[in-house]
Structure formats: C-alpha cells, structure tokens
Amino acid sequence: MTREAVVVDAVRTPVGKRGGQLRDWHPVDLLAHTLAHLAERTGLDPDRLSDVIVGCALQRGEQSGNVARNALLGAGLPTAVPGTTLDRQCGSGQQAVHFAAQAIKSGEYDFAIGAGVESMSRVDLGPLFVPGGGQGDWYGERALARFDGNLPAQGPSVELVATKWGFTREQLDAFSVRSHRRAAAATDAGHFASALVPLDGAAKDGSTAPMTLDEGIRLDIDPARVAALQPVFSPDGVITAGNASQMSDGAAALLVAERAAAEAAGLRPRARVVSMAVAADDPVLQFTAIIPASQKALDQAGLTVGDIDLVEVNEAFSPVPLLWCEEFGYPEDQLNVNGGSIAIGHPLGSTGARLLTQLVNELERREARYGLLTICEGGGMANATIIERIA
C-alpha cells in the first residue's frame with residue numbers, strides 16, 4: 001500500500017523584529033509554546049508522536065544543546081518522544097518537514113512534527129550578518145582553496161546575482177514595496193490570523209501585551225524612503241536594508257502524518273506532500289539552487305510549472321524571487337501573494353515551516369490545488385516542496 005504524507009495542521013508565532021516584541025522569549029520556550037499550541041489544537045494523542053524534528057540555523061548559545069528535545073519537554077510532551085535539531089541554513093524548517101514526511105512515507109513513522117525556530121535577538125549572529133565583517137571560520141582550508149579563498153557572505157553574493165540577471169535598484173525596491181503592501185493587505189484581511197499562536201510580546205517600555213501581528217510589516221510603506229536607503233554591501237551596489245529580509249524572531253510547527261493513520265485517529269488532513277527536493281549550485285553565487293531544486297520537485301511530481309497555482313520563494317533578498325519568476329516565466333500575481341520575508345521577517349530556522357503554514361492556508365482560502373515552496377540556503381543550496389490541498 002502506498003503511504004501518503006499529509007499535513008494535519010500548521011501554526012506559527014507572529015514574527016518579531018530583532019530586539020523587538022519577542023526579545024524576552026528564550027528560543028526553547030518560544031518553540032515549546034508553539035508545540036504545545038499545535039498539540040492542543042490538533043488533539044492528537046501525544047504518545048503517538050514518533051519524533052519532533054526542528055530546524056535552527058544558528059545553533060549556539062541558547063540555541064545549542066538540541067533545541068528540539070528541550071522544547072518538546074518544555075511543551076509537556078511525553079518524555080518518551082525524541083527530538084532532533086538540524087541545520088540547512090535558511091531552509092532548516094522546510095527540511096525538518098521533509099525529514100518528517102520522508103520518515104512517514106517510508107513506513108517508519110505515522111506521526112511526527114516538523115518545526116523551526118530562531119531568535120536572532122538572543123544569539124550571536126556572527127560575521128556574516130555584519131557588512132564587511134569578513135568570512136566565518138567554518139569553511140576549512142580545503143573548501144577555501146578549491147574556490148581560491150572566494151566563498152563570500154550572502155551580501156556580496158546577492159550583488160553578483162543582481163548583476164548577472166541585470167536587476168536594477170528600481171526593480172528591487174519595487175518588489176520590496178510590493179511585499180510590504182501585500183503583507184499589510186493580508187494582515188488587514190485576517191489571512192494570517194487562523195494560524196497564529198497566541199502569545200504575549202514585550203513593548204518598548206517593558207510591559208507585555210498580546211502580540212497578534214507580525215512586527216516588521218510597514219503598513220504605510222513609503223517608496224521614496226525605500227529609494228533613499230544607501231547600499232549596504234557595496235557603494236555602487238543595489239542591495240539595501242529595504243530590499244533584503246529582516247532579521248527576526250519566530251517559531252512554526254506542522255503536524256505531519258500518514259494519511260490513513262490520521263483519518264483513523266479522527267484527524268482531517270489539510271494537504272498532501274506531493275514531492276520534496278534538495279539541490280545545490282554555485283556556492284559563490286549561493287542563491288541559484290532554487291532553480292534546479294524547483295525543477296526536481298516538479299519532475300518528481302510529474303507536473304509543470306503551469307500546474308502550480310501558488311508559489312512561495314523566500315525573500316532572502318529581492319533578486320531571489322525575481323530570478324525564479326524570470327527563469328520559470330511564472331506570473332508575479334501568483335508569487336508570494338501575501339508578501340514575504342522582506343516584509344514579515346526571516347527568523348532563519350523557522351521560515352520554511354512558516355511559509356509552508358502560509359501556503360497550506362492560502363491554498364485553502366483560494367480553493368486552489370497545488371503550491372510550491374522553495375528557499376535558497378547558505379553555501380549554494382535550496383529545498384523545494386510541492387503540496388496539494390485536500391478538498
């Protein structure tokens with residue numbers, strides 16, 4: 001019998017700005033709160049969980065020591081439930097869902113959680129997040145020697161991408177403004193509300209209050225102010241703080257199950273995982289693997305890009321979704337329809353799980369069939385996932 005991996009439910013926290021409303025949340029507690037909410041709202045017997053798989057990109061400080069295990073214990077899940085934490089850079093949360101779905105399709109698991117968390121407020125971000133901060137110390141001599149010492153940070157890499165595809169500053173800024181406007185419209189229309197985990201955030205004066213909105217969205221974005229921002233990585237470059245993703249805090253989690261097991265347990269599957277792919281490309285350009293990853297996912301599914309109703313391409317920087325759209329000839333009005341990480345924020349390890357959550361909800365809202373998510377990742381990798389709404 002063919003086993004199907006399905007998404008039973010998906011939730012996420014509101015996304016906080018670095019140093020913002022989620023700054024007082026220890027990342028383990030933030031994820032624990034998210035897991036507890038998911039478990040409560042699905043009603044699954046937690047003893048049936050085989051694993052909790054969590055993406056986290058910056059595994060140091062408070063995010064070291066296996067966030068997944070500590071968070072599931074903090075969530076009150078049974079001590080017999082194991083957990084593991086993985087790092088596939090910006091796609092970590094997406095990869096966590098992939099591993100859960102793959103274990104289910106293989107027959108090893110019937111129920112698992114794929115999740116992600118990142119607190120960019122509470123851990124050392126390292127040199128890659130400081131313009132001109134130099135290389136990290138994690139490459140080793142052999143990898144550096146292979147590329148003549150040229151394994152740049154993502155900022156210089158994305159400038160190379162913008163040059164290769166010929167994107168102008170005006171194009172990149174226009175995309176950024178659109179991201180904010182779409183995210184603001186989705187927020188006003190309540191499109192995110194059903195997936196949000198209820199929690200309290202901290203105000204500037206230290207008081208706490210319910211946090212019900214993503215903190216980074218500029219509801220009244222001013223194109224003139226975006227255009228006035230100075231380039232960050234090169235004096236004559238095109239990348240600014242306005243057309244790059246925001247450094248953020250957040251968590252997200254999805255309950256993934258074998259379809260027959262879920263239905264036997266009285267749970268209604270919301271989406272089917274159709275295909276999953278991971279690919280790698282030039283580590284100097286870094287952002288281009290979204291193309292082969294997406295094509296692999298389409299080929300595995302027996303679909304063409306024309307079959308896909310909605311696409312999410314993570315907005316690490318404006319050139320990334322723009323190059324995907326150009327390479328596939330995809331309609332921009334079906335891409336990142338509710339904005340993306342430029343507006344909402346990009347808590348690295350959780351973004352993949354957040355975007356899958358968003359994709360499930362938007363397919364349901366539009367009564368559409370297929371959605372594709374792809375995320376570029378440090379080192380020149382990318383994941384891609386195709387899901388199908390279950391009517």
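**Cavities, a pocket and some residues**

Reply: Happy to! The structure holds four cavities of 30 Å³ or more. Keep in mind that this is a predicted model.

Me: What volume does the largest cavity have?

Reply: The largest cavity comes to about 50 Å³.

Me: And which residues line the largest cavity?

Reply: Its lining is made of Leu38, Ala39, Thr42, Leu44, Pro46, Leu49, Ile113 and Leu255. Sorted by class, seven of the lining residues are nonpolar and one is polar, with no charged residues.

Me: Which helix gives the most to that lining?

Reply: That would be helix α1 (residues 27–42), which supplies three residues.

Me: OK, pockets now. How much space lies in the second largest pocket?

Reply: About 250 Å³. The lining of this pocket has 13 residues, and those nearest the centre are Leu213, Asp214, Glu215, Gly216 and Ile217.

Me: How does that lining divide into nonpolar, polar and charged?

Reply: Five residues of the pocket lining are nonpolar, four are polar and four are charged.

Me: I've got alanine 184 on screen. Where is it found?

Reply: Alanine 184 belongs to helix α6, which covers residues 169–188. Setting aside neighbours within four places in sequence, alanine 184 is in contact with Ile217 and Leu219. Ile217 is also one of the residues nearest the centre of the second largest pocket.

Me: Is alanine 184 buried or exposed, and why?

Reply: Alanine 184 counts as buried because its relative accessibility is 7%, and buried means under 20%.

Me: And how far is alanine 184 from glycine 329?

Reply: Their C-alpha atoms are separated by 26 Å, and the two residues are 145 apart along the chain.

Me: Switching to aspartate 110. What's its place?

Reply: Aspartate 110 lies in the loop between α3 (92–106) and β5 (111–119). The aspartate 110 side chain makes a polar contact of 2.8 Å with the side chain of arginine 3.

Me: Which other residues does aspartate 110 touch?

Reply: Leaving out residues up to four places away in sequence, the list has Arg3 along with Arg48, Ser50, Ile104, Val256, Ala257, Glu258 and Ala261. Even so, aspartate 110 is partly exposed, since its relative accessible area is 28%, between the 20% and 50% cut-offs.

Me: Then serine 248: which strand is it in, and what does its side chain reach?

Reply: Serine 248 is in strand β8 (residues 248–258). The side chain of serine 248 reaches the backbone nitrogen of histidine 346 at 3.1 Å.

Me: What else does serine 248 touch?

Reply: Not counting residues up to four places away in sequence, serine 248 touches Val15, Gly16, Lys17, Arg18, Glu118, Ser119, Met120, Gly345, His346 and Pro347. With 0% relative accessibility, serine 248 counts as buried.

Me: Which residues of α5 are buried, and what do they pack against?

Reply: The buried ones are Gly155, Ser157, Val158, Glu159, Val161, Ala162 and Trp165. The buried residues of α5 pack against α10 (319–328).

Me: And what follows α5?

Reply: Glycine 166 does, with a positive phi near 70°.

Key:
Residues are numbered from 1 along each chain as its sequence is written. This is a predicted model: local features need pLDDT of at least 70, side-chain atom pairs count only at pLDDT 80 or more; totals for chains, interfaces and linings use all residues. Side-chain values use heavy atoms; hydrogens and water are left out. Helices (H or I, at least four residues) and strands (E, at least two) are DSSP runs, numbered from the N terminus. Buried means under 20% relative accessible area, exposed over 50%, partly exposed in between (1.4 Å probe, protein chains only). Contact means heavy atoms within 4.5 Å. On a 1 Å grid over the protein atoms alone, a cavity is a set of points where a 1.4 Å probe fits but cannot get out, and a pocket is an open set with protein on both sides within 12 Å along at least five of seven lines; lining residues have an atom within 4 Å of a point. Grid points are joined across faces, edges and corners, and a volume is the space filled by probe spheres set on the points. Ala, Val, Leu, Ile, Met, Phe, Trp, Tyr, Cys and Pro count as nonpolar, Asp, Glu, Lys and Arg as charged, and the others, Gly among them, as polar. A polar contact is a pair of N or O atoms within 3.5 Å; within protein, one must be able to donate a hydrogen and the other to accept it, and residues adjacent in sequence count only if both atoms are side-chain atoms.
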